[in-house]
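Visitor: Please pick one single part of this molecule. Then take me through it closely, step by step.

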Amino acid sequence: MRVSREQMTANRSRILDEAGRLFRARGFDAVSVAEVMHAAGLTHGGFYGHFKSKDDLITQTLAHGLAKAAEAPTDLNAYLDAYMTLQHCRTPAEGCCIAGLAAETLRQTPEARAEMTHGIVAQITRLDDAQAEGTPTERRRAAIGTWAAMVGAMVLARASQDDTLSEEILTQTRVWIETHDTSGQN
């Protein structure tokens, strides 16, 4: 039976959503193509109608997940409210693609690394654009520092088995960001 173009697009999006969720939860190597297709409610045989290989799936999943990240709030306080939470920390499968997969991406193809780089640049640019004060160099420095602190805090908080420590890492990093913010929002 032939599948419509609209259904193919919907299937591809579902595959990418499920692959992203599984990859963020367990890592690239621990997830098989068959598991991704099963999670998407599709047969393994349909995979190659969408992707050339698992490496291509990884690259496309990063692009898909990082594009969704661009929909995050542009207001720094709203972004911090959504990002720097114990809930986000404890649900990596639903969370930040960069915090969940940056270290994993180091060992992937140049194409996957290029997608991760693009996502990092996009987040820094979003934060830079939100800065209201300072020279271009100061705003860029603040954007990089803020994003690095947010992602680093999330990685450290997720690595801890102690919710009290995780919460402290997230809270103190947020306080640090707010005391160093040059956007004029605080």
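Guide: Start with a term: a residue is buried under 20% relative accessible area, exposed over 50%, and partly exposed in between (1.4 Å probe, protein chains only). Our part is glutamate 35, which counts as partly exposed because its relative accessibility is 32%. The model is predicted, so local features need pLDDT of at least 70 and side-chain atom pairs 80 or more, while totals for chains, interfaces and linings use all residues. Residues are numbered from 1 along each chain as its sequence is written, and side-chain values use heavy atoms, without hydrogens or water.

Where does glutamate 35 sit? Its place is helix H2, residues 33–39. Helices here are DSSP runs of H or I, at least four residues long, and strands are runs of E, at least two long, all numbered from the N terminus.

Now the neighbours. Leaving out residues up to four places away in sequence, glutamate 35 touches Leu22, Arg26 and Ala30. Touching means contact: heavy atoms within 4.5 Å. With arginine 26, the link is side chain to side chain: a polar contact at 2.6 Å. Such a contact pairs N or O atoms within 3.5 Å; within protein, one must be able to donate a hydrogen and the other to accept it, and residues adjacent in sequence count only if both atoms are side-chain atoms. Alanine 19 lies 16 residues from glutamate 35 in sequence. In space, their C-alpha atoms are 8.6 Å apart.

Step back to serine 32. It sits in the loop between helix H1 (5–26) and H2. Serine 32 is also in the partly exposed class, because its relative accessibility is 30%. Arginine 107 is 75 residues from serine 32 along the chain, and 17 Å separates their C-alpha atoms.

Finally, the setting of glutamate 35. The protein has nine helices and zero strands. From the N terminus, its elements run α-α-α-α-α-α-α-α-α. The C-alpha atoms fill a box of roughly 60 × 35 × 25 Å along the principal axes. There are 186 residues, and 41% of them count as buried. Take the contacts in the protein with a separation of 6 or more: 69% of these come from residues 24 or more positions apart.

To sum up, glutamate 35 is a partly exposed residue of helix H2, and its side chain makes a polar contact with that of arginine 26.
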